[in-house]
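Please look through the sequence and the three-dimensional view together before reading on.

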Amino acid sequence: MNIWEKMLNVDRRWIFLLIGIACVVPFFNPLGLPILPSAEVMGIYDHIEGLGPDNAIIVSFDFEPGTAAENQPMSVAALRHAFARNIPVYVTSYWPLGQAMAAMAISELTDESLEDYFKYVEWEDWASIRDQGIVDRAGIEEAWTAEGNTLPENARGWVFEGRDIAFLGYLPYFHLVILGMTSSIASQFPTDVSGTPLEEMPIYQDHKSLRDIDLAVTSAGGSACVSWITYGREKIGLPIAFGVTAVMATDYYIFIQSGQIVGQMGGLRGAAEYEVLLKENGYNKGYGKAFIGMDVQNIAHLLIIFLVVLGNIAFFAGGFHKKTKLKGRR
Amino acid sequence: MKRSIPLAIVMVGGILFMIQYFIPHQHSQTLFDYYTQWAPIVGAFALVLGVGSLYRLHSHKIKRKAKNWQYSYAVLVPLFLIPIFALIMPESLGGGIMQNMGGDRVTQGVFDFAYLNVQVPIQATMFSLLAFYIASAAFRAFRAKSALASILLIAAVIVMLGQVPIGELIGKWFPKIGLWILRYPNLGAKRAIALGVGFGMLATQLKIIFGVERNWLGGAGK
């Protein structure tokens, strides 16, 4: 066995070890290389940037924990953008486990121990303001602060449950739920996950069906996102934005070209691009998890390319392209 | 009867809702609303069948002491215990289910604990393993053996470098060419595949509605 054959028959555990090191080291020595946002991600950002308190969006957690490393940061980024602009958000989930991912995202954005968090005001806490008949966003905040509530120093803003967010959660056969929501959101979700009737919520008064929604951001780890196009976009013209894993991203460029989606966040890179846009435009003081994770991708991609090149050099230099089989059969 | 009634339901339902889509009338909309409310309820009965079938399979395995029968307990115990903790047990005994995480309403019962500390890491780990296997597979299988394989290899390297910031440091044209590959050659190929799949789905659905394709009936009525 010559050196080339030894190289090609290297124990795969050495490769696993190299990848393991490549994944761990960047967390201790961050590279922080600049990321330029692509047109696909800017399409989503610009669309949300054009919305305000009178509009409403849906952020749907259409993934499970397996793809959370890629999907969660993009959902968090879209939610942060909406919260910062006081855009009412309906939060849904295509899969049972996605509901908990949504809860974790809301928890992350309202975590009082973190910088730039959003102070969450529970439904019951601002009942007195609703009793006064105040429903517009600016009026609610004014009345809330007039009651003596002050925004903590490291908080970015308030999130009023029922006005800024309605956490609807998961329902089975979600493609049918999307169809049903084209007529009425309350017909599918009579209450939010806490049991508060949707019809009592200020968010619902001006946004009763998907026809009143200005964007649905679906963060998906599978083909669930296509249901939003089939049943939302094609039936009533609902604007859709995709957040998908990197391996799926290549499949959905067709929807960008056809104008069926306003943009797409592809994999961790897409999420990092959105985080860069949020930071550059003052919606966040720091970067999120996706930007940090890109360091790992930098090294891992380089390593895989190096391995491919090395494998090809050994293959051709050893003359194995002329032989039918390697001795080690690995 | 076992075959003709399901076939009739599929045919009538399929044709009805094909037509309904194009009728913007209140009655048409009401029918559609009824359907979207009923369909998930009917579909939920599949859960009963699924759980029943799973229980039968694994309880038989345990009774017969079949190969790896011990693992069946790992299926059956959480299958019944987790819903009990989530839906029946009071919060003081570790019950409850994670609802809205905003504000102070945070529960940390058995259900949440199992989800956050078992299910999330397990699923994330399974997906993460891909990186290791892809690296190993790429080293062993990605060879420039032919002209087409060489084109594939070069395109893959360019797209991989174009997707990460370090690629831009190596060569400013990497992201541009990478995006061009994704936006044009990739898009063209995917469009062709999507159209083919779309026409195939349309043909299959028409065959099902009109009773030409009957495999979905399984062995019913035979």
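What follows goes through each chain in turn, then the contact between them, and ends with a single residue.

The model is a predicted one, and its local features are reported only where pLDDT is at least 70. Chain A contains 15 helices and eight strands, and its C-alpha trace spans about 85 × 45 × 30 Å along the principal axes. Of its 330 residues, 51% count as buried. When the contacts of chain A with a separation of 6 or more are considered, residues 24 or more positions apart account for 73% of them.

Chain A is divided into two parts: domain 1 is made up of 1-30 + 300-330, while domain 2 covers 35-287. The centres of domain 1 of chain A and domain 2 of chain A, taken over C-alpha atoms, are separated by 43 Å.

Several strands of chain A can be followed through their pairing. Strand β6 of chain A, residues 215-220, is mostly covered, with six of its six residues buried. In a regular strand, the side chains alternate between the two faces of the sheet. In β6(A), A:Leu215, A:Val217 and A:Ser219 point one way, A:Ala216, A:Thr218 and A:Ala220 point the other way, and all are buried. Strand β1 of chain A, residues 57-62, runs parallel to β6(A) and is joined to it by six bridges; within β6(A), A:Ala220 stands opposite A:Asp62. Strand β7 of chain A, residues 240-244, is likewise parallel to β6(A), and five bridges join the two. In β7(A), A:Phe242 is the bridge partner of A:Thr218.

Another pairing in chain A involves strand β5, residues 165-170, which is mostly covered, five of its six residues being buried. Strand β2 of chain A, residues 89-93, pairs with β5(A) in the parallel sense over five bridges, and the partner of A:Val91 in β5(A) is A:Phe167.

Which residues have the most contacts inside the largest nonpolar core? That core has 118 residues, and the ones with the most contacts inside it are A:Ile57, A:Leu79, A:Val89, A:Ala216, A:Ile240 and A:Tyr274. The largest share of this core, nine residues, comes from α15(A), and at least three residues are drawn from each of domain 1 (1-30 + 300-330) and domain 2 (35-287) of chain A. In soluble globular proteins, nonpolar side chains tend to be buried together.

Of the 222 residues of chain B, 12% count as buried, and among its contacts between residues at least 6 apart in sequence, 28% join residues at least 24 apart.

Where the chains meet, 58 residues of chain A are in contact with 48 residues of chain B. On the side of chain A that touches chain B, at least two residues each are supplied by α2 (12-28), α4 (68-84), α5 (96-109), α8 (174-181), α13 (253-257) and α15 (289-317) of chain A. Of these, α15(A) gives the most, with 14 residues. The residues on that side of chain A divide into 34 nonpolar, 17 polar and seven charged.

Is A:Leu303 buried or partly exposed? A:Leu303 counts as partly exposed because it has 18 C-beta neighbours inside 10 Å, where a count of 20 or more would be needed for a buried residue. Not counting residues up to four places away in sequence, A:Leu303 touches A:Leu18, A:Ile19 and A:Ala22, as well as B:Ala135 in the other chain. A:Leu303 and A:Cys23 are 280 residues apart in sequence, yet their C-alpha atoms are 10 Å apart in space.

Conventions:
Residues numbered from 1 in each chain as written. Chains lettered and ligands numbered in written order. Predicted model: local features only at pLDDT ≥ 70, side-chain atom pairs only at ≥ 80, totals over all residues. Contact = placed C-beta atoms within 7 Å. Domains from an automatic or database assignment. Helix = DSSP H or I, 4+ residues; strand = E, 2+ residues; numbered from the N terminus. Nonpolar A, V, L, I, M, F, W, Y, C, P; charged D, E, K, R; others polar. Pairing = 2+ DSSP bridges. Core = buried A, V, L, I, M, F, W, Y, C linked by C-beta atoms within 7 Å.
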